[in-house]
Amino acid sequence: MRLIKLKEVMAKTSLGHSSIYKFIAEGTFPKQVSLGAKSVAWVESEVDDWIMKRVGERDA
């Protein structure tokens, strides 16, 4: 399992940070994992799954 920081999540998804946090609040994007007082990351496989789901919806 690999954890990735916001900058990499943004690069993978082509979303801005406000969009990512909006989708998290809506329950449509993977939640971040707290690494400490002011540090969070995402599970890379969960972000990849979210991307693949978007592709699947496009192809449906």
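## Helix 3 and its buried face

In helix 3 (44-59), Glu44, Val47 and Trp50 are buried, with buried meaning under 20% relative accessible area for a 1.4 Å probe and protein chains only, exposed over 50%, and partly exposed in between. Viewed down the helix axis, these buried residues fall within an arc of 130 degrees, so they line one face of helix 3; the arc is taken from the directions from the helix axis to the C-beta atoms. The face turned away from the buried side carries the exposed residues Asp49, Met52, Lys53 and Asp59.

The buried residues of helix 3 pack against strand 1 (3-4), helix 1 (6-13), helix 2 and strand 3 (39-43). Helices (H or I, at least four residues) and strands (E, at least two) are DSSP runs, numbered from the N terminus.

## Basis of the model

This is a predicted model, in which local features need pLDDT of at least 70, side-chain atom pairs count only at pLDDT 80 or more, and totals for chains, interfaces and linings use all residues. Residues are numbered from 1 along each chain as its sequence is written, and side-chain values use heavy atoms, leaving out hydrogens and water.

## The nonpolar core

Nine residues form the largest nonpolar core: Ile4, Val9, Leu15, Ile20, Ile24, Phe29, Trp42, Val47 and Trp50. Such a core is a set of buried Ala, Val, Leu, Ile, Met, Phe, Trp, Tyr and Cys residues joined through side-chain atoms within 4.5 Å. Helix 2 (17-26) and helix 3 are the elements giving two or more residues to this core.

## Ser14

Ser14 lies in the loop between helix 1 and helix 2. Its phi is near 65 degrees, a positive value in a residue other than glycine.

Notes:
Contact = heavy atoms within 4.5 Å.
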